[in-house]
Amino acid sequence: MMAVSRGFPADTPEALVRALRMRPCEALCATLHRRLARFDEGRIHRRAAAGERMIARLHPRITVLGASMHARTHWLFAALVDRPDDVVRALRAEGFDVARGTSSLAAVPTAPERPDATAAQCAAWRERVVFLPAYPEVPDAD
């Protein structure tokens, strides 16, 4: 059995159920409580607006994955660029917290009964993706 997520590796369904039933530590529970107690719906709207402004200002050749979704809230977004390593280097030099890693994104493996149904486009996206920050504190000029 493949890992359902990075946090729950399991080689059998029983092992997965055991992993899911583990209680989180007190520190994690306290963090969750604090975040829920301080939840600010207005921030989500500001974050969404900031992301929309960033999308509008990107070069037209840059594809933002998920840009056609009806409701977007953004805290970062995945942009497809031609030379991702160069883009990351340039943006980091300007002080942006951008990422190239895609450890949590993977193309779904081809099903044995559907060898023609590959996720080639998704696999190709992994080669071009850059994660850009999109939150209200990023100045519009940046």
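**Figure 1. Lining of the second largest pocket in the predicted model.** The second largest pocket is lined by Arg34, Arg35, Leu36, Arg38, Phe39, Asp40, Arg43, Ile44, Arg47, Trp75 and Tyr135; a pocket here is an open set of points on a 1 Å grid over the protein atoms alone, where a 1.4 Å probe fits, with protein on both sides within 12 Å along at least five of seven lines, and lining residues have an atom within 4 Å of a point. This is a predicted model, in which local features need pLDDT of at least 70 and side-chain atom pairs count only at pLDDT 80 or more, whereas totals for chains, interfaces and linings use all residues. Residues are numbered from 1 along each chain as its sequence is written, and side-chain values use heavy atoms, with hydrogens and water left out. About 320 Å³ of space lies in this pocket, a volume being the space filled by probe spheres set on grid points that are joined across faces, edges and corners. At least two lining residues come from each of α2 (26–37) and α3, where helices (H or I, at least four residues) and strands (E, at least two) are DSSP runs numbered from the N terminus. By class, the lining has five nonpolar, no polar and six charged residues (Ala, Val, Leu, Ile, Met, Phe, Trp, Tyr, Cys and Pro count as nonpolar, Asp, Glu, Lys and Arg as charged, the others, Gly among them, as polar).

**Figure 2. Lining of the largest pocket.** About 560 Å³ of space lies in the largest pocket, and of its 27 lining residues Leu58, His59, Ile62, Leu91 and Leu132 lie nearest its centre. The elements that give two or more residues to this lining are α3 (41–57), β2 (76–80), α4 (84–93) and β3 (129–133), with the largest share, four residues, coming from α3. The lining holds 17 nonpolar, one polar and nine charged residues.

**Figure 3. The salt bridge between glutamate 52 and arginine 72.** The two side chains meet at 2.6 Å, N to O, a salt bridge being a side-chain nitrogen of Lys or Arg within 4 Å of a carboxyl oxygen of Asp or Glu. The pair links helix α3, which holds glutamate 52, with the loop between β1 (63–64) and β2, which holds arginine 72, 20 residues apart.

**Figure 4. The salt bridge between arginine 61 and aspartate 82.** These side chains meet at 2.7 Å, N to O. Arginine 61 lies in the loop between α3 and β1 and aspartate 82 in the loop between β2 and α4, so the pair ties together parts 21 residues apart in sequence. Arg61, Asp82 and Arg128 are linked in a network of salt bridges.
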